[in-house]
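Keep the sequence and the structure open alongside.

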Amino acid sequence: MQVGAGVYFVFVAAVFLLYWLSWAATGSRIVRLAVVLAANYLFCAHFGLFYVLLIPVCSTADFLVGLGLAHFQRPWLRRLLVGFSVALNVALLAASRHMGVLLKGWDWIFPLGVSFYTFQSLTYTIDLYRRDGEPTTSLLTYLTSASFFPTLQAGPITRLTDLVKQFTAAPALRREDGGRAFFLIGLGLLKKSLIADYLGQSLVNRVFDTPNLYSGVEALAAVYAYSLQLYFDFSGYTDIARGVGMLLGIKLPINFDHPYQSTNLTEFWRRWHITFSNWLREYLYFSLPGKRTKAMPYLNLVITMVLGGLWHGVTWTFAIWGLLHGVALAATHGFRSWRGRPKPVSGWKRAALIFATYQFVCLTWLFFRSGSLATAWAMLQRIGSLTAGFDNLSAPLLGVMLLAAAALFVSKQWYSRIAEGFARSPSYVHAMALFLVALALELLGGKGNAPFVYSRF
Amino acid sequence: MRSFPLQTTLTIGVLGLSLAAAHAVRPNLMGPEPDQAIALVDFDPARVPMIPMLRHEEPDPGTTVGSDLQSPLLDDGHGVLDHFYAALWGAEKGSSVVRVVHYGDSPTTADLITGDVRAMLQKRYGSAGHGFVLIAKPWAWYQHAGVELSASGWEIAPATQFQARDGMFGLGGVSFTGGTGAHSHIAFQDRRHTTFAVWFLRQPGGGVFTVEADGAPIGRMDTGGVSKMATRATFHAANGAAALDLRVEEGPVRIFGVSAERPGPGVIYDSLGLNGASITVLSRMFNADHWAAELRQRDPQLVIINYGTNEADFTAFIHKQYEGELREAIRRVRAALPDASILVMSPMDRGYRTGPEEIQTMPNIPVIVGIQRRVARDTGCGFFDTFDAMGGDGTMARWYAAQPRLVSGDFIHPTPQGGKLVAAIFAREIGFGLNRFKLRQMLLTSAKPAVR
């Protein structure tokens, strides 16, 4: 059951009805949460029946660790408990990716990546270890929060203590909240189908698979197109996830905040995949030793980003992606501690900084997207060949790229105005707008959506 | 206070009804269907694994290798490829040079498959040089394995664009017209090439070009003539050379390509790819007499005709015209080279997306393969079933899901790994074919009465 597919929305509609009907009829938190928990496990089961055993077992273990951390005060015991939780989740993450190499004659399969699940689970036990959150004593609330289905495939990574709090509180859904949810879902679908999938199928996938079949200009265009594809694919997914969460009265955090408007790399990581970069900072970077030394924080930054890269996959290209970001971030921080925090800039200087940051990010995307070093090298060679062939850059493709690039620069104020205007409009406007979105997808979108890029991580 | 979000529920209800109404009016529009509700509780074990492990199943080599006497992939019955096999056997024994010309579309343009076939055959039967190569890149992705090409000043006319109205596109399907100063630099990885032939058009008012090998002048040619006539000028670099420089001293000069050879025995495999080409390039766009003259000059033992992928978009053309065009292309080759073997090589599988994570074979591909097989049999040509060799129906879905990926995201072009896979099967089938030929020759020899 792919997020964004027709079946997924039938599923969401069914969960929505059962959830609110059970709440209105019984007023029972237990019944309401049981509906969500059943939905979570039904969602997981569609990827593999083994998830229905695996996830509750691992979640229960983390829940018990949480109870232990709330109860015990001895440092060594708390360290032991959190160490167990970290080991469990890291082992689950590693096994889901790499156990296959140990199994001769078998294929090890995890159609639903569990990395976002493990990241969320670790926020709970590490927060409790740091006494930075309230534990729950309700197993049902914990299980429901840990496997909340809109976030399972690709986030946004939400602090479980926050989710637990939201699930514990009495839910409410005003008409405006419903409107906001519909706005996010519609926008997410348009981003995914009309921009990300189109760019992926029309140019990016082909060029990165066989770079030697394309000119230097086309290869360069494919890198830029990939930067747009990735943004619209992933932010589209996040919009849908946040919209679905909102329909159940749960507010999920934002993941993207106009990242390609960043004037430097530090700012980029505050705006791109925000929940992941926050997670890396809070739970990995701050856990590394040597915070008070001069050099270690820079080295830790590089280590954090390389590990962040390797999380996407243990390949040289992801390692280089992480390394480039890590070194550039360390250099940015080093420059700041030497010259002081730069003053805000505007006008041409700001445009030049945005342009330079975007170029660097695109260079790193080239490694991120290439399946191997050979492909990355071939792409660089094609771009370096400076050959001008435009056969694969059709007018519709360039039009979509320009439209997507323009959409990146819609100001926050404008976005908020449009979103709020839609949210406050009557219900029939919501329904008709979504109907038009569905028609647009049907008439303009390609046949069959590709899976979300981040759903494989 | 317990509240029920009535308005939001109504929105969902109205949306569902609107979609259902649209679906009822236009059934091809997506709408809520009972199947979707059923799918929510459908846990078919084939799709939803019980455990995170699946037994890995290796394909049965017996079903694809075709190691029995008559191959299911390479149809060379009735001795249709014997002329080629005899030459190949000669190369194997160290007594002859065997030339293959391979006409194809975009993968051939980038020397995908053909580059690997060349390497495999030359490794097995010896190399007599790289063969024919264009003198500039008509498409940015034009390339040959082991050759680097840079050029300037040429006006390029590929047969697929039909800019050269006289239909004279040379052996390789591309005509290059250069004014004074036009230049090409061709660097071969193999430094042992001793003979370079420049394929050009002698024509009234034709200019002059010069040739250098590794920087040393080896020839000068005046292309002037009383009428248009395709020819070639051969130049020698006794000690072997790796780089060839072609320069127009006085324009205009019209050139079709360069061939590089070295002392045999061995294989020369000309990869002649035209981007976006279909069979009509050979049956219509090439000037028949001019092309025949070029083929005779090249004198190959095997001509491979490898089109079909681009035709798959045009259903009416396939059903009404395709067979006739293929027969005409074969007739033209046969008229030019009555003794040469001809091999029709089917297109690869070609896929298209039909749903989330669903990629299917374009229905026209098996139709084209069927027509090609029948025409090849009728006209005394060999036939290689690339489509079946890859795995037949649904291959592109499997190849796209493979790690590493074997086909590009357009579900048409193989990745280098995919190309190598096809090349390996093709080269292996050629080897099996040669073995069958040898066996037949031995049986014939042993059946002859002894001479007293």
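Predicted model: local features only at pLDDT ≥ 70, side-chain atom pairs only at ≥ 80, totals over all residues.

Residues are numbered from 1 along each chain as its sequence is written, while chains are lettered from A and ligands numbered from 1 in the order in which they are written.

**Interface**
- Chain A puts 58 residues into the contact and chain B 50 residues (C-beta atoms, placed from the backbone, within 7 Å).
- On chain A, α1 (6-26), β1 (106-108), α9 (175-209) and α19 (427-444) each supply at least two residues (helices are DSSP runs of H or I, at least four residues, and strands runs of E, at least two, numbered from the N terminus).
- α1(A) gives the most to this side, with 10 residues.

**Strand pair**
- β1(A) runs antiparallel to β1 (residues 53-55) of chain B, joined by 3 bridges (pairing takes at least two DSSP bridges).
- Asp107(A) has Leu54(B) as its bridge partner in β1(B).

**Positive phi**
- Most residues other than glycine have a negative phi.
- His258(A) has a positive phi of about 50°. His258(A) sits in the loop between α10 (216-247) and α11 (265-271) of chain A.
- His78(B) has a positive phi of about 60°. The loop between β2 (74-75) and α4 (82-93) of chain B holds His78(B).

Terms used:
Contact = placed C-beta atoms within 7 Å.
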